[in-house]
Each structure stands twice: as C-alpha cells, then as structure tokens.
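Here is a short briefing on one helix and on the aromatic pairs. Please keep the sequence and the structure open while reading.

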Amino acid sequence: MAQNITADAAHGHDEHHESPVVFGFWVYLMTDCIIFGSLFAVFAVMRNQFAGGPTGHEVFELSGVGIETAILLLSSITYGFGMIAAHDNKVSTMRTWLGVTFLLGLGFLFMEIREFSHMIAEGNGPDRSAFLSSFFTLVGTHGLHVTCGLLWMAVLLFQTAGKTELNERMIGKLTCLSLFWHFLDIVWICVFTFVYLMSVI
Amino acid sequence: MADHVSSSGESHGSVGSYLTGFVLAVILTVAAFGIVMSHAMSPSGTVGAIALLAVIQIVVHLVYFLHMNGSSAQRWNVMAFVFTVLSVIVLVAGTIFIMHDTSINMMSR
C-alpha cells in the first residue's frame, strides 16, 4: 500500500516536470536535427568539390576551432549549473550562471564571425567553391541557432530581473532553452568532427 | 522525502552528474583533436577513430546534459529521438551513397 502511494507520487512528480510544452519543444528539436542532417549530407557530398579553390587543410585553423569547442562545452555546463539553481529557486544564482553562459556564447559567436570574415577577406567566401558554400551554410546555420539562443537567453534574463522566485512557467521556459543550448553543443560535436577534423586529416 | 530528492535529482541532474559529463566530454574532445593533430594513425584509421569518439561524446551529452534515460517519463522523448536518428541515418547515408554512385557512373571525377 505504502509502496503504491510512493510510486504514484513519484509518477505524478515526473509528469509534473515533463510538461507538454517541454515535450513539444523536444519534438521541434528533433525536426531541427533533420535540418542539420540534411546540411551534413550536403557537406559530405560537396567536401571534395574545391573548384580549384583552397582545401579544408588550407583554410581551417584547428587552434581556433579548439577554443570554440572549449567555450561551447563550458557554456553547456554553466547553463546546467544555472538550471540546478533554478530548480532550487535561487534566482540570483541562476541569473549569474545564465549571464556567464551568455558571455561564453557571445565569445563563441565572436570567434566564429572573426573566422568567417577572415576567410571572406582572403577571397575564400561561400562563392569560391561548392565545398566552401556548403561549409558556410552548415556552420552558419549553427551560428544562427547560437544567435537565437543568445537572444532567448537575454529575454529570459530580462524577464527574471528583480524576481525572488520562479513559477512553473518560467522553469518551463528555462528548461526549453537548456534543451536547445545542449542540443547546439551536440551539433557542434558533429561540426568539429566531420567538418573541421576530417578536412585536415 | 528522500524519494522526492532522488527522483528530482535524476530528472534535472546534479552538480556531480554535470561535472562527470563535462570531464568525459573534455577527455573525448581532447582525444579527437589529439589523434588528428599528432598524425598517430593512418588517415582511414583516424576517420574511424574520431567518428567513434564523436558518437560516444553525443551519448555522454544526451545522458549527462539532456538527462535522457529509460524511465517511463522519458519514453516518448526517447522514441521521438530514436525515430529521428533513424531518419538522419537514412538521409545522410542514402545521400552519400546515391551521389557517390551518380558521380562514378557519370564519370564526373
């Protein structure tokens, strides 16, 4: 009997946290997976179509990619700490971690834009070859997602300003953004492995 | 009460689980960059090794950061994910296979 009650309580507790909003957002992320899958497929087909232009070995700088990877990985764990604080209802701690995550995301974006503008300035823009077109489309789409994530984070920081506690709705919003942010890190694993590292082997 | 803490700890992760995931992710990332930069393996061996490391790292992120698990609350999330992975594999492998075959038969390379 007692076991039944605890099992029911635990079940209700789980359902309470897996709200339909979070599941719906998860399904959106799955469709986003398909977008990135298509872009990776295009890149896989185009990766040797240099049209006399530079190869990946000539245009990619692994040290910069390594720093970008480190920044994104760090921002994943700082967001995670923010979510732990959010579930403990420590609003100011959560906002601090979210702020750190925002700055790390901004740093990542800054490095990516610098890399892109450097390549374009050297005449290796997306119009140079099919390889570079697919590269800019794939990595640019990821960068666009990071930009959207940063905007979303700024909105949530604004909405939680001056709050002393978080309601269920705000926790739901923070959870959706955490899924989005960790998902972008997973896409980046594929980017640095299949785009950057495989091009310089 | 103890039950409450453990079940919420499972669905949101704890500092410890985030740190475990982070350390594993760092090790896997450094290994992938190290293998490529040190030229320790043959080119085809390197491709296989870093692809394997990427798959392992994706699983680490899913478990420790996205808190995916086999619990009943996660069932539909996991099912949607498995279907998506299947679609992406068909999409990517199919595209590479068809375009490679076309390119060979058209003698464009």
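Is W188(A) buried or exposed? W188(A) is buried, because its relative accessible area is 0%, and buried means under 20%. The model is a predicted one.

**Aromatic pairs**

- Over all chains, a search of the whole structure finds 21 aromatic pairs.
- One of the pairs joins W188(A) and Y196(A). Their ring centres lie 6.1 Å apart, with 50 degrees between the planes, so the pair counts as tilted.
- Y196(A) is also buried, with a relative accessible area of 0%.
- Y18(B) and F65(B) form a stacked pair, at 5.9 Å centre to centre and 20 degrees between the planes.
- Y18(B) sits in helix α2 of chain B and F65(B) in the loop between α3 and α4 of chain B, so this pair ties together parts that are 47 residues apart in sequence.
- Y18(B) and F65(B) are both buried.

**Aromatic cluster**

- Ring pairs link W188(A) and Y196(A) into a cluster with F43(A), F50(A), F60(A), F108(A), F116(A), F131(A), F135(A) and F136(A).

**Helix α3 of chain B**

- Helix α3 of chain B covers residues 43-64, which is 22 residues.
- From first C-alpha to last, α3(B) reaches 31 Å, close to the 32 Å expected at 1.5 Å a residue.
- The buried residues of α3(B) include T46(B), A49(B), I50(B), L53(B), A54(B), Q57(B) and H61(B).
- In chain A, the buried residues of α3(B) pack against α4 (62-87) and α7 (168-200).
- In chain B, they pack against α2 (15-38) and α4 (75-105).

Definitions and conventions
Residues numbered from 1 in each chain as written. Chains lettered and ligands numbered in written order. Predicted model: local features only at pLDDT ≥ 70, side-chain atom pairs only at ≥ 80, totals over all residues. Heavy atoms only, no water. Helix = DSSP H or I, 4+ residues; strand = E, 2+ residues; numbered from the N terminus. Expected span 1.5 Å × (residues − 1). Buried < 20%, exposed > 50% of the residue type's maximum accessible area, 1.4 Å probe, protein only. Contact = heavy atoms within 4.5 Å. Phe/Tyr/Trp six-rings, centres within 6.5 Å; stacked < 30°, edge-to-face > 60°.
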